[in-house]
Amino acid sequence: MEIAIGAGVAFLLFLGYLGVNVLPIILLGVFLSVAYLLWDRRGPTAAGRVEAPVRHTVNFDEIGGQEHAKRELMEALDFLRYRDKIRQLGIRPLKGILLTGPPGTGKTLMAKAAATYTDSSFVSASGSEFVEMYVGVGAQRVRDLFRRARQSARKEGKDSAIVFIDEIDVIGGRRGNHSHQEYDQTLNQLLTEMDGMQTTAHPLVLVMAATNRVDILDPALLRPGRFDRIIKVDMPDKEGRLHILRIQTRNKPLAKSVDLEQVARETFGFSGAQLESLANEAAIMALREGQDEVEQRHFRDAVDKVLMGERTGRIPSREELVRVSVHELGHAIVSETVRPGSVSHITISPRGNALGYVRQVPEGDTYLYTKDQLDGQIMVALAGAVAEELVYGNRSTGAQNDFEQASRLARTEVECGLSGLGIVDAENLPQNLLDEEVRRILAEREQKTREILKTYRPILEEMSAVLVQEENLDGEMFRRRLSEVKGNLSNVG
Ligand code: ADP
Ligand code: MG
Ligand code: ZN
């Protein structure tokens, strides 16, 4: 395209140079391109831009965890399955179901499974597809979407259709909040479509939508007769993660060594999408090694990759490696001290933005923390820099994230009434008082951390030599070494 334009321009210049009058040609060209742009924006292709109907069908049993959400959704869907009964009883039809929850938790999957479950045809679009520079285009696309839903239901011989709108917050944010009236028109069109839907209509249409920001949705969307069923799709807990891992490894040959339960335990905070990516990455690692089966260590590496990104190509200098290993061992030693058995894996191979890191075994699925736990985590965060200081007498820039994390934890302590300030009103706490208390907590924890690491000082250096050589230490190996070296030292002493 660009080349053609360039050649065209060159040709025109050439004609102009020959003395031919090029003005009419240029005007014609401009007219044609404007016409093309308008046709492209509003014409029949606009509808074609919205995602084509999905052929692959998804079943509810391909969705891991989410038992609660699944049950609630199936119950709601029964109105489509037993519509005659519903009509008999004079029940108001369900028009909209809103799925809310963080990205990658399976909302899109649920909508697709809903279509399979109710034997409906499925069309989908994302909120961002309705946003255009030109007023009226979004509304037109909403109309097209619903028309297409009815069409494809008829074509496929189905009695119902599900229209799925992902990221509905893009068009469904509170009206009047933005300067652009385009959003308002799009939202109004959606409301009009929903209000116009009849129980007696054939095919019957159900709208499903997904968002992570139900708090910013226009209340008009949530009124009865619109999205009056809201289903929360949460991050999976340990059982849910195990279930998802089982589903995502169904088609992969797993070695006997693989303990998915262990993987589920170590992936606290992973979404379904991250677990899918984890299973895939593990298989890729097996492939790279020329193995026929995926092994536990592939999963371990894949967790690192999903969390921290791909290994970076840069090769640190030897000095840097030693410093990084001292830093990471600082984290690891303090982690073992405040919570024995907590180190899962130490590495000094650079990945993403990190030069190295220590992965901790999560404390089960925890949503509540005690002051001791927070204090412990602050010390673990500070330990990298403190270890560097003990060995080198100075610190490096490598601890910036650690300090941010430590400050965040300290702030949590203050705001939750766990600090020396006692119970505080977090919203009205003067900034300087907060800062001062955070500083005090950090200084106190730093002192404690230094005391711990001082007793390990010889071990720190000895083990850093091991880590530099091995690049990775898993938790078990680290603990064994730690107790060995500690044993030797106490024998000498
Ligand atoms: P969302 O719409 O909530 O952002 P998706 O449904 O698009 O999440 O999930 C993306 C991918 O992640 C899915 O295609 C699937 O492979 C995987 N996934 C997410 N949640 C689950 C789950 N609960 N069970 C199985 N796989 C899941
Ligand atoms: Mg999605
Ligand atoms: Zn660190």
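Start at Gln-66, in the loop between helix H3 (45–49) and H4. Helices here are DSSP runs of H or I with at least four residues, strands are runs of E with at least two, and both are numbered from the N terminus. Gln-66 is not a glycine, yet its phi is positive, about 55°. Most residues other than glycine have a negative phi. Is Gln-66 buried or exposed? Buried, because its relative accessibility is 12%. The cut-offs: buried is under 20% relative accessible area, exposed is over 50%, partly exposed is in between, with a 1.4 Å probe and protein chains only.

Ground rules before I go on. This is a predicted model, where local features need pLDDT of at least 70, side-chain atom pairs count only at pLDDT 80 or more, and totals for chains, interfaces and linings use all residues. Residues are numbered from 1 along each chain as its sequence is written, chains are lettered from A and ligands numbered from 1 in the order in which they are written, and side-chain values use heavy atoms, with hydrogens and water left out.

There is a second case of positive phi. Asp-119, also not a glycine, has a phi of about 50°. It sits in the loop between H6 and S2. Asp-119 is partly exposed, at 48% relative accessible area.

Now H6 itself, residues 107–117. Its buried residues are Lys-107, Met-110, Ala-111, Ala-113, Ala-114 and Ala-115. What do they pack against? Helix H4 (67–81), and strands S1 (96–100), S2 (121–126), S3 (160–166) and S4 (204–211). Contact means heavy atoms within 4.5 Å.

Next, the cores. A nonpolar core is a set of buried Ala, Val, Leu, Ile, Met, Phe, Trp, Tyr and Cys residues joined through side-chain atoms within 4.5 Å. The largest has 31 residues, and Ile-346, Leu-453 and Phe-478 touch the most other members. Elements giving two or more residues to this core include helix H14 (318–338), strand S6 (343–347) and helix H17 (431–455). Apart from it lies another core, of 27 residues, with Val-58, Leu-99, Ala-113 and Ile-162 among them. Ala-113 is one of the buried residues of H6.

Then the largest pocket. It holds about 1,400 Å³. The method is a 1 Å grid over the protein atoms alone: a pocket is an open set of points where a 1.4 Å probe fits, with protein on both sides within 12 Å along at least five of seven lines, and lining residues have an atom within 4 Å of a point. Points are joined across faces, edges and corners, and the volume is the space filled by probe spheres set on them.

The lining has 41 residues, with Tyr-357, Val-358, Gln-360, Asp-402 and Gln-405 nearest the centre. H14 gives the largest share, six residues. Where does the pocket lie? Between domain 3 (238–308) and domain 4 (318–492), because both give residues to its lining. Those bounds come from an automatic or database domain assignment.

Not counting residues up to four places away in sequence, Gln-377 touches Gln-360 and Leu-409. The C-alpha atoms of Gln-377 and Leu-409 are 7.7 Å apart, across 32 residues of chain.

Overall counts to finish. The chain has 19 helices and eight strands. Of its 493 residues, 44% are buried.
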